[in-house]
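Here are a few friendly notes to read alongside the structure. Take them one at a time, and find each part on screen as you go.

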Amino acid sequence: MIRFLSVVFMLIMTLGLAAQAQDANIQDVLQEHREAIEKSSRKTIAPAIDAIAASGLPSAQTVLQKWQSKDMWQRKSDGQFFYAEKVDSKTYTIFAFEGGTPLGDIAKADLDQLKPNSGIRAMIGAALVQFQLNDPDPVRRQEAILAIQRDGEASHLAPLRASIASEADPDIKALKEVTERLLTISYDTDDAARVTAIQGFNGALSLEARAALNPVLSTKITLKDSLPETANIKRKIIAGSDALSVSDAFDMLVASGVTQAQPTVSERKDALAANIVDGKVGGVAVADLNTQDARDRAYQTLAEAGTVPAWDAGFSEADAVKSAAFVEVYDESSKAVTDAAEATLKTIDRAVGLNQTLDLALDGLSLASIYFLAAIGLAITFGVMGVINMAHGEFIMMGAYTGYVVQQIIPDYTLSIIVAIPAAFMVTFAAGVAMERLIIRWLYNRPLETLLASFGVAIALQQIAKNIFGTQARPLTSPAWLDGALVFNDVLAISYIRIAIFVLAGIFLAVFLFIMKKTRLGLETRAVTQNPRMAASMGINPDRVNMLTFGLGSGIAGIAGVAIGLYAKVTSEMGADYIVQSFMTVVVGGVGNIWGTLLGALGIGFLQKGIEWLNPSNTLAAQTYMIVFIIIFIQFRPKGIIALKGRAAGD
Amino acid sequence: MKNSFFMKNPSLLVFLGLLALFTLGVTLMSEAYGSGLVSTSFVKTLGKTLCLALVAIAMDLVWGYTGILSLGHFAFFGVGGYMIGMWLMYARTEIIVVNSMASAPIPPTASELSDAIGSQIFGVVGSSDFPAIWMFADSLVLQLFMVVLVPGLVALVFGWLAFRSRVTGVYLSILTQAMTLALSLYLFQNDSGLRGNNGLSGLQNLPGADNIPQSVISIWFLWGSALALALTYIATSFVVSGKFGSVIRGIRDDEARVRFLGYSVEGYKLFVFVLTAIMAAIGGALYYPQAGIINPAEIAPIASIYLAVWVAIGGRGRIYGAVIGAVVVSLVSTWFTGGQAPNINLGFYVVKWVDWWQVLLGLSFVLVTLFAPKGIGGLVDLFTGRLAPSRKGAPLGPDAGSLREEEAEK
């Protein structure tokens with residue numbers, strides 16, 4: 001409070017006596033407080049700092065800055081203060097504070113350096129704030145305001161208010177006004193001003209507003225009788241409710257001396273152990289003390305004999321606390337302020353809740369696009385061709401490692417991503433075609449065995465990747481323009497990588513639809529899927545179509561691998577993490593329909609985020625419940641969300 | 001006697017004889033009862049292998065005979081292990097706690113004991129209360145019931161839901177895989193009540209058997225496993241040899257046709273699914289006391305796929321095939337990953353089998369699927385004359401399964 005008043009005083013000085021101060025000299029001010037400055041003790045330095053800050057001299061800021069950075073020196077001969085620059089280890093050039101004119105070189109032995117400790121430097125920093133708030137450089141003004149927002153104190157309030165009127169930059173002015181309200185809430189002495197400031201934050205989303213309001217609303221639970229009449233009570237508390245457990249309430253009663261503590265179970269046990277005589281305690285043999293009942297009897301006997309503190313067997317803490325009145329009381333004494341803060345916090349909570357819902361929706365959307373990306377290749381090989389390819393996850397991994405290798409060759413991240421996408425497609429397309437030619441085509445009429453054979457390929461590929469790249473995760477670095485996030489406000493933000501994955505998923509959907517509906521390959525694929533023999537009779541080569549379709553599905557998995565690698569780490573096991581979810585996505589959506597896969601991915605993504613929101617500490621539980629939910633869902637719609645009808649459905 | 005049980009299952013006597021010879025042989029070479037040629041750790045490996053053969057038979061029954069490619073049977077195996085592990089851990093901790101409390105001046109009450117055991121067991125996951133699922137852990141008999149009951153009930157509920165809505169083929173495989181994943185993710189949580197990813201440990205120490213050396217215990221478990229395997233083999237032979245066996249093979253080959261003949265396909269499938277789940281759980285209950293530790297990673301979906309791999313390599317649709325597959329693959333795998341296999345120096349690169357065994361396994365699996373769908377067990381056909389008829393390249397039919405041709409021949 002004293003410091004606050006002194007700052008106000010200092011401000012009046014600054015504003016009112018500016019003209020007078022013109023002809024004063026900063027050296028005089030320093031000499032006036034010479035003793036305090038030389039002593040450099042936190043307890044006595046305050047008047048000196050205040051005097052310098054309040055002098056209104058243009059060089060006051062320089063003095064404080066130099067002092068703070070330990071560049072202020074004192075000449076031993078006459079005690080004058082200067083700032084100095086090192087020439088060599090023994091010689092320094094000294095400068096006058098006014099105008100910074102050099103006053104010649106001087107031996108170090110003739111100078112004393114002033115070394116303010118960290119406490120004093122912080123006080124100097126606070127005094128410097130008023131200068132920074134009026135600094136001609138807007139960047140420094142903004143920095144000063146943000147510093148106050150982070151770590152404000154009462155002494156900042158007056159200089160901040162004074163600087164608002166003269167602020168020219170509208171953005172910084174707005175920032176100053178917000179900061180002024182925040183400081184008012186925390187430090188002003190006038191309740192009406194605080195209420196107005198609090199109401200100014202109705203519906204605000206900023207973390208600072210919530211951080212300023214929460215301390216105003218801090219409460220503690222206590223006995224009603226222990227409070228003065230004027231206490232700002234929030235509500236009554238019933239002992240034994242969620243807010244106050246019976247044992248806590250009882251401890252409070254004991255602490256206030258209203259009631260006597262009873263010996264606890266373990267205290268009684270220790271008392272018994274201390275009173276064993278000839279293998280017996282209170283007439284009960286030690287060996288029989290293995291039930292609480294026997295122990296109670298023994299203790300009663302001891303208590304009646306007076307050897308141990310009395311204990312009432314019928315005593316219950318719940319009864320003892322029933323008659324006492326407990327209240328939750330605000331630490332803040334003004335009811336008007338807490339009421340306003342509660343009301344404002346409610347509007348803030350509503351606004352935050354709305355934005356959190358939006359944020360959750362964005363999270364769900366980006367998770368859905370990752371699932372969709374991982375599943376779309378599978379939607380072709382499994383959905384259209386009906387081939388269970390357990391190595392699909394390993395194709396995703398191959399794509400991601402291709403991206404990693406390309407980045408080792410091409411150091412420019414943007415260029416390397418542009419090269420990596422077609423490279424990953426080609427690598428996995430080739431792998432897919434090879435796999436189809438060598439393995440899958442022999443097993444078209446043995447679907448379960450395709451599953452097992454492709455699993456064999458999967459574990460082989462996984463181990464080969466481990467042998468080549470090692471077990472540690474490899475980074476796939478995204479270009480700089482994908483770093484950071486699109487920030488809407490303090491609650492709502494989405495990283496650019498997730499937006500990119502979302503866009504990529506959209507592009508894939510379009511490409512898939514185009515190939516399937518508008519190209520010859522798509523037409524032939526659909527024909528071969530529905531009836532290979534008839535398609536063959538029409539002059540379509542089913543072998544070639546199957547090969548290309550499988551290659552296409554695998555190639556898309558490769559591109560998905562690059563995208564997933566950008567946001568997750570690239571390891572040899574990354575494919576295995578996605579394979580079950582990908583199959584789920586396709587099965588839930590409905591086999592053979594890309595819109596179904598999209599719906600499946602959206603459903604699973606939103607569901608998982610929703611469950612995570614209900615139980616944020618436990619993502620494992622979220623996954624478990626999601627899978628259980630999917631299993632139940634498939635009971636009711638075995639063919640997925642969009643089921644094929646008629647001939648296209650096959651058997 | 002032409003139609004007697006043993007005549008219909010000629011492999012049964014051979015198998016039982018071989019198993020008895022093997023068990024006796026190992027016992028006579030063990031450290032505890034014989035020459036000491038076979039180390040205790042290898043006796044344990046052999047005992048565990050017998051349990052894996054047991055679960056492989058269950059897999060063969062559900063996949064090779066009934067045509068349900070379940071990717072969840074290793075999960076039942078793990079659940080069986082967890083159930084017996086709960087008793088082993090509880091009983092052993094109880095002995096330790098009682099001993100440590102015996103020196104206290106006042107004997108502990110029942111609730112103090114249970115609190116002390118609880119904080120001993122659940123201290124690693126920051127808890128000390130017994131979850132409800134540990135209700136029967138203090139009783140061996142009840143917990144042995146749980147070994148059968150819990151996986152049986154899970155299989156019953158899951159199977160009823162899945163078969164009722166006629167989920168078949170690859171969809172059923174994916175669904176069972178999802179079930180396995182959900183189960184293992186659930187067990188990975190610290191608040192699942194089964195110590196999260198720490199799992200249950202110290203299972204090799206039987207409560208009250210501190211004076212009996214592990215070399216003796218390992219032989220007991222070997223005999224126990226062999227006995228369980230023999231009983232499973234007999235039970236499975238019995239199940240597949242009669243009319244019931246014909247129906248489930250019919251379901252495998254053409255489900256719709258069996259349904260039109262008036263059989264309750266779902267009922268048969270559900271029975272086989274639950275029966276095999278229980279078999280798998282018994283295998284697990286014998287396996288994990290020999291392994292000493294069980295954690296949720298054991299239940300991961302990949303373990304169930306490996307189970308299918310063993311059966312496929314051994315030969316589906318024949319019980320001895322499953323046994324051969326499990327024994328050969330798991331022992332060869334132990335040999336390769338244990339670092340005993342010699343490295344191959346190619347001049348420019350040294351093939352270390354620890355690194356390349358998985359690749360070899362994966363590729364050999366592809367080759368078996370492609371070129372020897374009957375697996376190693378198919379070699380037996382070479383000298384029993386059950387050679388596949390030559391169709392001179394004519395198609396096998398609309399939906400040719402691997403075994404249809406020879407069955408059409410009968």
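Predicted model: local features only at pLDDT ≥ 70, side-chain atom pairs only at ≥ 80, totals over all residues.

1. Strand 6 of chain A pairs with strand 10 (residues 326-330) of chain A in the antiparallel sense, over five bridges.

2. Three strands of chain A make an open, antiparallel sheet in the order 6-10-7. Why is one side of strand 6 (219-223) and of strand 7 (233-237) of chain A left without a neighbour in the sheet? Both stand at the edges with a single partner strand each, so there is no neighbour on one side. From one strand to the next, the twist averages 25°.

3. Next, the largest nonpolar core. It has 207 residues, and Leu373(A), Ala56(B), Ile57(B) and Ala308(B) touch the most other members. Helix 3 (residues 40-65) of chain B gives the largest share, 16 residues. A second, separate core has 55 residues, including Phe201(A) and Ile348(A).

4. Ile57(B) deserves a look of its own. Beyond its neighbours within four places in sequence, Ile57(B) is in contact with residues including Tyr233(B), Met279(B) and Val323(B).

5. Finally, see where the chains meet: 43 residues of chain B are in contact with 45 residues of chain A. On the chain B side, helix 7 of chain B supplies the largest share, 14 residues. By class, that side has 30 nonpolar, ten polar and three charged residues.

Note on methods
Residues numbered from 1 in each chain as written. Chains lettered and ligands numbered in written order. Core = buried A, V, L, I, M, F, W, Y, C linked by C-beta atoms within 7 Å. Buried ≥ 20, exposed ≤ 12 C-beta atoms within 10 Å, placed from the backbone. Helix = DSSP H or I, 4+ residues; strand = E, 2+ residues; numbered from the N terminus. Contact = placed C-beta atoms within 7 Å. Nonpolar A, V, L, I, M, F, W, Y, C, P; charged D, E, K, R; others polar. Pairing = 2+ DSSP bridges. Axes fitted to C-alpha atoms, helices over the stretch in contact; angles between N-to-C directions.
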